[in-house]
Amino acid sequence: MRRAGLFGVPRVRPWSWQAFLLGFVVVAMSAALQGICVALGAKLYFAAFLPSLFVLGIVAGAPAAALAALLTIPLVWWAFMPPFFEFNSLTSAHADSIKLFCLLAVLVIGLADLCRATMAIISRGGLKPRSESAATNSQ
C-alpha cells in the first residue's frame, strides 16, 4: 500500500487482488452493520452499503467498488428484503430500491474515483502551469 499526499489515506492498486479482497471485506462488514440496523427496525435496505462504497472507491479504486456494488444487490435481496434468507420475486418497491441503489452507486463510485484522482494530482505537487509557446501573444 502507498500513502496518498492528502490526509495520509492508504491506497491499494485498483486491479490488484488486495483491492478485490478489500471489497469482499467491506461488503461483509457493511452487511453486519446493515443487519444491526434491520434488527433495530430500519427499512432502508442499502443504507450501510453506500458510504462503504465511497470509502472503498477512494482506497481501492473504482473496479473494486463496482464489484462490491454488484455483490451487494443479491446479498440485500437475499438477506434483508422480506421474506428473509430466500430469493422471492421482487415487488415493485423492492425493484425501485435496487434501481435507486444502482444509480446512487454509480454516482458515489464516480465521485470516489474523482477524489482518488485529485489526491494523486495533489500528491504529485499539483497541476503545473503550461509554459507559453512562441505562437501565443503575450500582449
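**Helix α3**

I began with the buried residues of α3, which are P63, A64, A65, A68, A69, T72, I73, V76 and A79. I took buried to mean under 20% relative accessible area, exposed over 50%, and partly exposed in between, with a 1.4 Å probe and protein chains only. The model is predicted, so I noted that local features need pLDDT of at least 70 and side-chain atom pairs count only at pLDDT 80 or more, whereas totals for chains, interfaces and linings use all residues. Residues are numbered from 1 along each chain as its sequence is written, and side-chain values use heavy atoms, with hydrogens and water left out.

I read helices as DSSP runs of H or I with at least four residues, numbered from the N terminus. The cover over the buried residues of α3 includes α1, α2 and α4; contact here means heavy atoms within 4.5 Å.

I then checked the length of α3.

**Nonpolar core**

I looked up the largest nonpolar core and found 28 residues, with F46, F49, L53, V76, F80 and F101 having the most contacts inside it. Helices α1 (17–39), α2 (49–60), α3 and α4 each supply at least two residues of this core. The largest share, 7 residues, comes from α3. The term denotes a set of buried Ala, Val, Leu, Ile, Met, Phe, Trp, Tyr and Cys residues joined through side-chain atoms within 4.5 Å.

I listed the neighbours of F80, leaving out residues up to four places away in sequence: F80 touches A31, Q34, G35, V38, Y45, F49 and L75.

**Helix pairs**

I compared positions on α3 with positions elsewhere in the chain. A66 lies in α3 and is partly exposed, with a relative accessible area of 33%. A66 and A105 are 39 residues apart in sequence, with their C-alpha atoms 8.0 Å apart in space. A28 belongs to α1 and counts as partly exposed at 48% relative accessibility.

**Loop between α3 and α4**

I examined the backbone next. The peptide bond from P82 to P83 is cis, with omega near -5°, and P83 lies in the loop between α3 (62–79) and α4. F85 is also placed in the loop between α3 and α4. Phi of F85 is near 60°, a positive value in a residue other than glycine. F85 is exposed, with a relative accessible area of 54%.

**Salt bridge**

How many salt bridges does the structure hold? I found 1, taking the term as a side-chain nitrogen of Lys or Arg within 4 Å of a carboxyl oxygen of Asp or Glu. K99 pairs with D96, and the closest N and O atoms are 3.9 Å apart. Both residues lie in α4 (residues 92–123), 3 residues apart, about one turn of the helix. K99 counts as exposed at 56% relative accessibility, and D96 is partly exposed at 44%.

**Surface of α1**

Finally, I recorded a nonpolar surface patch of about 460 Å², made by W17, L21, V25 and M29. Such a patch joins nonpolar side chains (Val, Leu, Ile, Met, Phe, Trp, Tyr) within 5 Å, from residues with over 30% relative accessible area and no salt bridge. Accessible areas come from the Shrake-Rupley method with a 1.4 Å probe. M29 lies in α1 and is exposed, with a relative accessible area of 56%.

Key
Patches are made of residues with over 30% relative accessible area and no salt bridge: like charges are joined within 9 Å, nonpolar side chains (Val, Leu, Ile, Met, Phe, Trp, Tyr) within 5 Å.
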